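Subject: Structure for you to look at

Hello,

Here is the structure I said I would pass on. Please open it first, then read the notes below it.

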Amino acid sequence: MASRSTFATAPKPLRADDLACFRGGRMVFERLSFTLDPGELLYLRGKNGSGKSTLLRLIAGYLRIHGGTLMVGDDAWWRGDAALSEALIYAGHDNALKPVLTLRENARELTRLMTGHAVGDVALADAADVFGLTGLLDQPVRYFSSGQRHRSNLMRFAYLKRPLWLMDEPTVGLDTENREALAGLMRAHLDAGGMIIAATHDPIGVEGAMIDMRDYQPKVSLEEAWL
Ligand SMILES: Nc1ncnc2c1ncn2[C@@H]1O[C@H](COP(=O)(O)OP(=O)(O)OP(=O)(O)O)[C@@H](O)[C@H]1O
């Protein structure tokens with residue numbers, strides 16, 4: 001199991017107050033507030049298009065804040081904050097794997113880009129073992145099934161020692177065994193003082209608080225509704 005000292009940077013609490021985000025020509029959410037302390041998990045629930053991915057992408061620094069504040073420890077969040085991007089791992093809907101490379105080469109490439117150093121063979125073997133990918137490490141990703149690709153994408157959470165995990169639909173396409181592996185990995189991360197925000201439609205089986213995105217949808221006035 002990981003320990004606090006295994007994180008490259010110390011976990012910092014997140015505090016959002018009255019956050020708002022405008023995207024695709026409309027306000028996606030507004031007045032959204034939450035706190036997330038080390039060792040805590042926050043689920044984002046809500047129907048398609050309610051802004052779960054938008055919130056994750058905003059925290060990751062890909063989108064702007066249009067209202068409210070987000071504090072990272074004692075510092076105000078800002079887009080392009082290298083310290084924050086070095087403290088988080090984001091995994092969205094699309095996998096970031098290059099099909100022509102093997103899984104090992106993909107992991108080395110990703111870690112070189114994200115940290116400046118390629119992941120070592122021992123750390124990679126341990127991470128592959130979590131999701132039953134040991135036998136696939138030296139296979140080109142183009143031969144993988146969709147579930148194998150998804151597990152390969154999730155593997156980064158096991159070998160990058162970063163405190164804040166932003167997970168978008170992490171259970172999609174996972175069988176029961178791998179859902180349990182994912183839940184175990186998440187529990188170990190939280191036990192070590194890590195933090196997770198996970199957008200999901202499915203129960204994962206790890207205890208956490210919940211944001212219901214329905215509570216933060218903009219209210220449309222009667223006049224606007226007629227426009
Ligand atoms: N690349 C984009 N450019 C502009 N608008 C976008 C883009 N991606 C999503 N949106 C809009 O942002 C809003 C929120 O979408 P988002 O993907 O955050 O929802 P979601 O809750 O994650 O949905 P799902 O459950 O389908 O994944 C939607 O109105 C969507 O149309």
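This is a predicted model. I begin with the ligand. By class, the shell around it is made up of eight polar, two charged and two nonpolar residues. The residues in this shell are Arg23, Gly24, Val28, Gly46, Asn48, Gly49, Ser50, Gly51, Lys52, Ser53, Thr54 and Ala199. Helix H1 supplies the largest share of the shell, with three residues.

Next, the helix. H1 covers residues 52-60, and eight of its nine residues are buried. Those buried are Lys52, Ser53, Thr54, Leu55, Leu56, Leu58, Ile59 and Ala60.

What do the buried residues of H1 pack against? They pack against six strands by name: E1 (14-23), E2 (26-36), E3 (41-45), E6 (88-91), E7 (164-168) and E8 (195-199). Just after the helix, Gly61 has a positive phi of about 95°.

Two of those strands, E1 and E2, form a hairpin with two residues between them. The strands run antiparallel and are joined by seven bridges. Within this pairing, Cys21 is opposite Phe29 of E2.

Regards

Technical notes. Residues numbered from 1 in each chain as written. Predicted model: local features only at pLDDT ≥ 70, side-chain atom pairs only at ≥ 80, totals over all residues. Buried ≥ 20, exposed ≤ 12 C-beta atoms within 10 Å, placed from the backbone. Helix = DSSP H or I, 4+ residues; strand = E, 2+ residues; numbered from the N terminus. Contact = placed C-beta atoms within 7 Å. Near = placed C-beta within 6 Å. Nonpolar A, V, L, I, M, F, W, Y, C, P; charged D, E, K, R; others polar. Pairing = 2+ DSSP bridges.
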